[in-house]
Structure formats: structure tokens, C-alpha cells
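Please walk me through this structure in running paragraphs, taking confidence, packing, ring contacts, charges and backbone in turn.

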Amino acid sequence: MRRRSLLALIPATALPLPGCGPVSGDGDSGGRAVTVWLMKGSASQEFLDRFTEDFERAHPGITVDLRIQEWTGIVDKVRRALAGEGEDRPDVIEVGNTQVPGYAEGGGLLDLTLESMRDWGIRDWLPGLAEPGRWQSRQYGIPWYAANRVVLYRKDLFDRAGITRPPRSRDEWLEITERLDTGGDQGIYLAGQDWYTLAGFIWEEGGELAARRGGGSWQGALDSPAALRGMDFYRRLQALGDGPAGADEEHPPQAGVFADGGVAQIVAVPGLAGTILQENPGLRGRIGFFPVPGRKAGVPGTVFTGGSDLVVAENTAARDAAVAVVDALAGARWNTELARTMNYVPNKKSLAGAVSGEEGVAAMAAGAARGRATPTTPGWSAVEADNPVKEYMTNVLGGADPATEARRATERVTALLESYAS
């Protein structure tokens, strides 16, 4: 992705840390490196070089040792490091926002609640990053960047159908999609098992994928009236195209389907437009973006927010220096610059204006303000591995009774959550 110019950045400073004043080369971190694990592709090398040079200049005596990691196999690698196994000892780690509870459960993460409330503006964070970073009322994951789904649409097909602006509500979205679904064109291509998109529709109706019971345990919630309304909206929208009922958005990749032509809309992250243009350069200038519409006109719908949080290992030997690195990476200056450089959504709602000049990212930022994440229980990983939600969706789209299928899926989700906890 191309870099955009950087505007009005806040000067770098060494910020006070809990009980120790500004971090310097003294104390626990003098003359030693802070090892930072970041994931491949999260930030450009040019960004990382500039950050490292600036941070080390502002914090004499601290050396930042950046080590880029692959997503494949990272969960087990992080767990081993947090348990003190092997030679790798990262101090700061980038983790997927929904992974935080699994690492916090084992006691491997440093509690950053105080810093979050006192210094880092916890109330302004995007909820889809902040909420999964919390475990048992304590904040372990610090939001770094976000990405969420928007609607990518063909401007020329909208024009041909006489549609002059994107829809502002879900009812209007259905109405224009039906108008677009004609003459060999698909109003929308929506795969039958795109469960992240379904999750947003369920949350928009006030439902949940799973809910906490008394005593802290979790149970499935797909059979609630609100969740069933979310599934019904998905069914009605999905019917206005030829998306396969028994496959997700990667089988086949929806970027290729959109690039082949005849599809008016897809639900995806804005960055997918780059892949589409690689496959069909003729669509350059014809792709637009708008937030997933909500029930109320002019208010974006709730969406699943993906992205990354920063955590500090409990077994770090350089606590203050590690916290200073998190403070800088997640702070307004470098977080804004990362968002502009990589086309992300910044970690705070108040920083959304920093990406307002890029149509796709601006649409993503509008949706991120109402973003959510999957249930904040480590057991949700077991649900995703088996994923009865996908089977539920396929069965309903195939004509099965929604209430019956939702009850079956709910029972399966509950069983998986209980199995993980036992």
C-alpha cells in the first residue's frame, strides 16, 4: 500500500511511568535491549526503522530489538515464551485482539489496567480492540490497530441502476441490492458461511454469539430472538446474489469473483480492493466503499473488528522500558502514523479523522466506532476450530427451520465452551 504524507504529528517525548518518572537508562532497563515481537506485515520496515530511531533517541540507554514473527504457529510460540520455556524472551508482543484472553488466563501477561486508565485514554479506545484485551476486569491487551469489513461496490453498476448514493440504513440496503440484482448482475456476492459478517448482524439486533452465565461460565446464544433476527437479515441479503450456501468467502476467494465482473457489492476489508485491481485493472476508479449500514439511518451497523493488541510479558526483566515501548507504539503520534502508512484504523475513536482522506479507510473507521469482537473467553478458540456457526448458516440458507437449527448450533457452541473449561 502506498504511503500518504504525515500531518501534524505530536512531538515524541519520554512520558512518565508508574512510580518511576521518565524512563531513562537507569533502573531495570539501563543498557539492555527490549525485545519486541511484531507480526509480519503489520508495519512496513520503513515505519519500524523510523520508530526505533526516534524511540531510542528519546529514551537513552534503551535499545529496541524488533523481531518479526509469522502468524502460522504463533499461538504456541507465544505460550512457550510466556511460560519461560526455551531461549526466546520477548518483553512486548503483538497479538491478535481475540487471542488476549487465552494468554491472560495462564497468568503470562502483565496487568496494564492502571496505565490504561490513568495515561492511555481507555474510554476512547475502539471497543472491538479494548474489550477482548480485558480479562476478569483487568486490561492486558493495549489496542494497536484495527481493521473491519465495509461494503465494496461498483460505482458504475450503481449509476446504471439510478442509485445516486450508498444506502444509509439496512432497509435501504436491501432495497437497492434488490434493484441491482437483475439482468445477469448479482446485487451482492455473500458466501453462505461468512460468519464474521453474520456476527455483526446479530450484534446489531442486540443478540450475542455466546453469553456469560452465572458463575462465569459461557453458553451459546444463537437461538435468542435477536440472534434469529440477525440470521434472517443475512438470509434475505444473501439471496440477492449467487454466493454459495456451503462455503465461506475464501472458497472461492470473493476478490476473484468481484474482479470477474457482474457483482455489485461484497462485504470485505477495504484492502481487498488492491487484490481486485491486480486481477482486473479495468475496475480502477470504479470501486467505492461505504460502512455496513445499521438499523438506524445514518448510523453504521455493528461489525466484527479484527486487528492487534500489544501485551507485555509478565516475566519481563525490563518492565518500565517495555511499558514505555507500548506507550509510544499505541500513543497518538505513532498510532496515527501507522494508520496512515498501512491504511489501518487508529486505536481511538478520536483519531478517526487522521484517515478521513482515504475513502475505504474512512468507511472502515466509521464502522470501527461500533465494532465488536468475539466472546472474551479463551474457550471461543474451540468454537472457531469446530465452527458449528458455519453449518448452522448453510442449513438455514438451504431451507431448514431457523429456530431448530439455531437451537442445535447453540447446544454445540455450549458443549464446546464447556469442554474447553473442563
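A charge sits over a ring if NZ of Lys or CZ of Arg is within 6 Å of the ring centre and within 35 degrees of the ring normal. The charged end of Arg170 meets this criterion over the ring of Phe233, 4.1 Å from its centre. Lys77 lies over the face of Trp37, with 5.2 Å to the ring centre.

The model is predicted; local features need pLDDT of at least 70, side-chain atom pairs count only at pLDDT 80 or more, and totals for chains, interfaces and linings use all residues. Residues are numbered from 1 along each chain as its sequence is written, and side-chain values use heavy atoms, with hydrogens and water left out. The protein chain averages a pLDDT (the predictor's confidence in each residue, from 0 to 100) of 91, and 93% of the residues score at least 70. Over residues 1-30 pLDDT stays under 50. For that stretch the model has 67 contacts (heavy atoms within 4.5 Å) beyond four places in sequence.

Next, the interior. In soluble globular proteins, nonpolar side chains tend to be buried together. Here a residue is buried under 20% relative accessible area, exposed over 50% and partly exposed in between, with a 1.4 Å probe and protein chains only. A nonpolar core is a set of buried Ala, Val, Leu, Ile, Met, Phe, Trp, Tyr and Cys residues joined through side-chain atoms within 4.5 Å. The largest such core has 63 residues, and those with the most contacts inside it are Leu152, Ile266 and Ile276. Its largest share, nine residues, comes from helix 12 (residues 319-330); helices (H or I, at least four residues) and strands (E, at least two) are DSSP runs, numbered from the N terminus. Leaving aside residues up to four places away in sequence, Ile276 touches Leu152, Ala255, Phe258, Ala259, Ile266, Leu283 and Ile287. A second, separate core of 45 residues includes Ala199, Ala210, Leu240 and Leu416.

Helix 8 is largely enclosed by the rest of the structure, because nine of its ten residues are buried. Those buried residues are Trp195, Thr197, Leu198, Ala199, Gly200, Phe201, Ile202, Trp203 and Glu204. Just after helix 8, Gly206 takes a positive phi of about 95 degrees.

Rings of Phe, Tyr and Trp (its six-membered ring) pair if their centres lie within 6.5 Å; planes under 30 degrees apart count as stacked, over 60 as edge-to-face and the rest as tilted. The structure holds 14 aromatic pairs. Trp195 is buried at 5% relative accessibility, and Trp380 is buried at 3%. Elsewhere, Phe47, Phe51, Phe55 and Trp334 form one aromatic cluster.

What about charged side chains? A salt bridge is a side-chain nitrogen of Lys or Arg within 4 Å of a carboxyl oxygen of Asp or Glu, and a search of the whole structure finds 30. One of them joins Glu205 and Arg295, with the closest N and O atoms 3.8 Å apart. Glu205 lies in the loop between helix 8 and strand 10 (210-212), and Arg295 in the loop between strand 13 (287-290) and strand 14 (303-312), 90 residues apart. Glu205 is buried, with a relative accessible area of 11%. Arg213 and Glu418 also meet in a salt bridge, at 2.8 Å from N to O. Arg213 is in the loop between strand 10 and strand 11 (218-220), while Glu418 is in helix 17 (residues 402-421), 205 residues apart. Arg213 is partly exposed at 28%, and Glu418 is partly exposed at 39%. Glu53, Asp54, Arg57 and Arg333 are linked in a network of salt bridges.

The backbone comes last. Most residues other than glycine have a negative phi, and most peptide bonds are trans. Gln136 has a phi near 50 degrees, and Ser137 has one near 70 degrees. Gln136 is exposed at 62% relative accessible area, and Ser137 is exposed at 72%. A cis peptide bond, with omega about 0 degrees, joins His251 and Pro252. Pro252 is found in the loop between helix 9 (225-238) and helix 10 (254-259).
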